[in-house]
Amino acid sequence: MRVLAAAGHTVVAEAATDLIAAAQAAGDDTPWEHPDFTERVAALQRDRQIAANDRPGPVQWFDRSPVCALALARFTGAPIGPVLAAELDRIARERVYEPHVHLFDLLGFITATPVRRIGLEEARRFEQVHVDAYAEHGFTINRVPAADPEDRARLLLDATAKDPR
(Lines give C-alpha, C1' and ligand atoms only; values in the text may rest on other atoms or scores of the structure.)
Protein backbone atom coordinates (compact mmCIF):
# COMPACT_ATOMS: atom_id res chain seq x y z
CA MET A 1 0.00 0.00 0.00
CA ARG A 2 2.93 2.33 0.62
CA VAL A 3 3.88 2.02 -3.05
CA LEU A 4 0.37 3.05 -4.13
CA ALA A 5 0.38 6.02 -1.74
CA ALA A 6 3.84 7.09 -2.91
CA ALA A 7 2.52 7.02 -6.49
CA GLY A 8 -0.18 9.52 -5.50
CA HIS A 9 -3.12 7.19 -4.96
CA THR A 10 -5.56 7.58 -2.07
CA VAL A 11 -4.78 4.88 0.48
CA VAL A 12 -6.58 4.36 3.77
CA ALA A 13 -4.27 2.78 6.35
CA GLU A 14 -4.99 -0.34 8.35
CA ALA A 15 -6.75 0.49 11.63
CA ALA A 16 -5.62 -2.46 13.77
CA THR A 17 -1.91 -1.78 13.30
CA ASP A 18 -2.34 1.86 14.27
CA LEU A 19 -4.42 0.98 17.34
CA ILE A 20 -1.88 -1.62 18.46
CA ALA A 21 1.07 0.74 17.99
CA ALA A 22 -0.68 3.53 19.92
CA ALA A 23 -1.62 1.20 22.78
CA GLN A 24 1.90 -0.19 22.95
CA ALA A 25 3.34 3.33 23.05
CA ALA A 26 1.01 3.98 26.00
CA GLY A 27 2.26 0.86 27.81
CA ASP A 28 -0.31 -1.78 26.79
CA ASP A 29 1.79 -4.50 25.15
CA THR A 30 -1.07 -6.74 23.98
CA PRO A 31 -4.16 -4.61 23.24
CA TRP A 32 -5.59 -7.29 20.95
CA GLU A 33 -6.29 -9.35 24.06
CA HIS A 34 -8.97 -6.89 25.22
CA PRO A 35 -12.50 -8.09 24.39
CA ASP A 36 -13.40 -4.72 22.83
CA PHE A 37 -10.41 -4.60 20.47
CA THR A 38 -12.35 -5.56 17.33
CA GLU A 39 -14.99 -2.99 18.27
CA ARG A 40 -12.33 -0.29 18.36
CA VAL A 41 -10.91 -1.54 15.04
CA ALA A 42 -14.37 -1.43 13.42
CA ALA A 43 -15.03 2.08 14.75
CA LEU A 44 -11.72 3.41 13.42
CA GLN A 45 -12.26 1.69 10.06
CA ARG A 46 -15.71 3.31 9.85
CA ASP A 47 -14.35 6.74 10.69
CA ARG A 48 -11.53 6.41 8.17
CA GLN A 49 -13.82 5.14 5.43
CA ILE A 50 -16.24 8.03 5.92
CA ALA A 51 -13.38 10.56 5.99
CA ALA A 52 -12.02 9.05 2.76
CA ASN A 53 -15.10 10.33 0.93
CA ASP A 54 -13.43 13.76 0.97
CA ARG A 55 -10.10 12.50 -0.32
CA PRO A 56 -9.07 12.86 -3.97
CA GLY A 57 -8.99 10.29 -6.71
CA PRO A 58 -11.45 8.03 -8.48
CA VAL A 59 -9.99 4.93 -6.79
CA GLN A 60 -9.47 4.53 -3.08
CA TRP A 61 -7.44 1.69 -1.64
CA PHE A 62 -8.43 0.40 1.79
CA ASP A 63 -5.93 -1.67 3.74
CA ARG A 64 -8.57 -3.80 5.45
CA SER A 65 -12.30 -3.48 5.98
CA PRO A 66 -14.84 -4.42 8.66
CA VAL A 67 -14.91 -7.90 7.14
CA CYS A 68 -11.26 -8.19 8.22
CA ALA A 69 -12.31 -7.10 11.72
CA LEU A 70 -14.90 -9.90 11.62
CA ALA A 71 -12.17 -12.35 10.60
CA LEU A 72 -10.01 -11.10 13.46
CA ALA A 73 -12.86 -11.56 15.95
CA ARG A 74 -13.48 -15.09 14.71
CA PHE A 75 -9.79 -15.96 14.71
CA THR A 76 -9.21 -14.69 18.26
CA GLY A 77 -12.57 -15.77 19.68
CA ALA A 78 -13.54 -12.16 20.45
CA PRO A 79 -17.23 -11.29 20.55
CA ILE A 80 -18.93 -9.65 17.58
CA GLY A 81 -20.03 -6.47 19.28
CA PRO A 82 -22.64 -3.92 18.27
CA VAL A 83 -20.17 -1.57 16.53
CA LEU A 84 -18.78 -4.32 14.30
CA ALA A 85 -22.22 -5.78 13.62
CA ALA A 86 -23.60 -2.35 12.69
CA GLU A 87 -20.63 -1.63 10.46
CA LEU A 88 -21.00 -4.94 8.63
CA ASP A 89 -24.68 -4.12 8.08
CA ARG A 90 -23.86 -0.57 6.90
CA ILE A 91 -21.24 -1.59 4.36
CA ALA A 92 -23.58 -4.21 2.93
CA ARG A 93 -26.60 -1.91 2.84
CA GLU A 94 -24.72 1.07 1.39
CA ARG A 95 -22.41 -1.03 -0.80
CA VAL A 96 -19.50 0.94 0.56
CA TYR A 97 -16.77 -1.26 -0.91
CA GLU A 98 -16.29 -2.71 -4.35
CA PRO A 99 -17.64 -6.27 -4.63
CA HIS A 100 -14.17 -7.73 -4.99
CA VAL A 101 -11.19 -7.67 -2.68
CA HIS A 102 -7.52 -8.08 -3.44
CA LEU A 103 -5.98 -10.61 -1.07
CA PHE A 104 -2.20 -10.65 -1.00
CA ASP A 105 -0.80 -14.18 -0.91
CA LEU A 106 1.65 -14.86 1.89
CA LEU A 107 5.32 -14.53 1.00
CA GLY A 108 6.24 -17.84 2.63
CA PHE A 109 7.84 -16.28 5.70
CA ILE A 110 6.83 -13.94 8.50
CA THR A 111 8.96 -11.21 10.01
CA ALA A 112 7.73 -10.66 13.55
CA THR A 113 7.31 -7.10 14.81
CA PRO A 114 6.05 -5.77 18.15
CA VAL A 115 2.71 -5.17 16.44
CA ARG A 116 2.57 -8.45 14.48
CA ARG A 117 3.63 -11.53 16.41
CA ILE A 118 1.87 -14.20 14.36
CA GLY A 119 3.79 -17.15 12.93
CA LEU A 120 3.52 -18.50 9.40
CA GLU A 121 1.18 -21.40 10.18
CA GLU A 122 -1.07 -19.08 12.18
CA ALA A 123 -0.98 -16.60 9.31
CA ARG A 124 -2.12 -19.31 6.92
CA ARG A 125 -5.07 -20.16 9.17
CA PHE A 126 -5.90 -16.46 9.60
CA GLU A 127 -5.79 -16.04 5.82
CA GLN A 128 -8.41 -18.77 5.41
CA VAL A 129 -10.65 -17.13 8.02
CA HIS A 130 -10.44 -13.94 5.90
CA VAL A 131 -11.28 -15.82 2.70
CA ASP A 132 -14.29 -17.46 4.36
CA ALA A 133 -15.55 -14.18 5.86
CA TYR A 134 -15.32 -12.30 2.57
CA ALA A 135 -17.02 -15.10 0.64
CA GLU A 136 -19.78 -15.25 3.26
CA HIS A 137 -20.38 -11.51 2.75
CA GLY A 138 -20.63 -11.86 -1.02
CA PHE A 139 -17.23 -10.56 -2.07
CA THR A 140 -15.17 -12.03 -4.90
CA ILE A 141 -11.54 -12.57 -3.98
CA ASN A 142 -8.76 -11.61 -6.36
CA ARG A 143 -5.56 -13.32 -5.21
CA VAL A 144 -2.43 -11.20 -5.62
CA PRO A 145 0.60 -13.50 -5.89
CA ALA A 146 3.68 -13.20 -3.73
CA ALA A 147 6.02 -10.61 -5.23
CA ASP A 148 7.88 -7.47 -4.27
CA PRO A 149 5.75 -4.45 -3.33
CA GLU A 150 6.25 -2.66 -6.66
CA ASP A 151 5.10 -5.70 -8.65
CA ARG A 152 2.06 -6.16 -6.41
CA ALA A 153 1.14 -2.51 -6.77
CA ARG A 154 1.42 -2.79 -10.55
CA LEU A 155 -0.86 -5.86 -10.50
CA LEU A 156 -3.44 -3.94 -8.46
CA LEU A 157 -3.31 -0.95 -10.79
CA ASP A 158 -3.55 -3.19 -13.86
CA ALA A 159 -6.57 -5.00 -12.40
CA THR A 160 -8.27 -1.69 -11.65
CA ALA A 161 -7.55 -0.32 -15.11
CA LYS A 162 -9.17 -3.39 -16.68
CA ASP A 163 -12.27 -3.13 -14.49
CA PRO A 164 -15.14 -2.05 -16.78
CA ARG A 165 -16.77 0.20 -14.16
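Glu-136 and Arg-74 form a salt bridge in this predicted model, with the closest N and O atoms 2.8 Å apart. A salt bridge here is a side-chain nitrogen of Lys or Arg within 4 Å of a carboxyl oxygen of Asp or Glu. The pair links distant parts of the chain: Glu-136 sits in helix α6 and Arg-74 in helix α4 (residues 66-76), 62 residues apart. Helices (H or I, at least four residues) and strands (E, at least two) are DSSP runs, numbered from the N terminus. Arg-74 is partly exposed, at 39% relative accessibility. Buried means under 20% relative accessible area, exposed over 50%, and partly exposed in between (1.4 Å probe, protein chains only).

The model is predicted, so local features need pLDDT of at least 70 and side-chain atom pairs count only at pLDDT 80 or more, while totals for chains, interfaces and linings use all residues. Residues are numbered from 1 along each chain as its sequence is written, and side-chain values use heavy atoms, with hydrogens and water left out.

Helix α6 also holds Glu-127. Glu-127 forms a salt bridge with Arg-143, the closest N and O atoms being 2.9 Å apart. Arg-143 lies in strand β4 (residues 140-144), so the pair ties together parts that are 16 residues apart in sequence. Glu-127 counts as buried, at 17% relative accessibility. Arg-143, at 39%, counts as partly exposed.

A search of the whole structure finds 14 salt bridges. Among them is the pairing of the Asp-29 and Arg-117 side chains (2.8 Å, N to O). This pair, too, links distant parts of the chain, 88 residues apart. Asp-29 is in the loop between α2 and α3 (37-52). Arg-117 is in the loop between β3 (100-104) and α6 (120-136). Asp-29 is partly exposed, at 44% relative accessibility. Arg-117 is partly exposed as well, with a relative accessible area of 42%. Elsewhere, Glu-87, Arg-90, Arg-93 and Glu-94 are linked in a network of salt bridges. Side chains of opposite charge can pair when their charged atoms come close.

Glu-14 lies in the loop between β1 (10-12) and α2 (15-25). Glu-14 is buried, with a relative accessible area of 14%. The Glu-14 side chain makes a polar contact with the side chain of Arg-116 (2.4 Å). A polar contact is a pair of N or O atoms within 3.5 Å; within protein, one must be able to donate a hydrogen and the other to accept it, and residues adjacent in sequence count only if both atoms are side-chain atoms. Not counting residues up to four places away in sequence, Glu-14 touches Arg-48, Asp-63, Arg-64 and Arg-116, where contact means heavy atoms within 4.5 Å.
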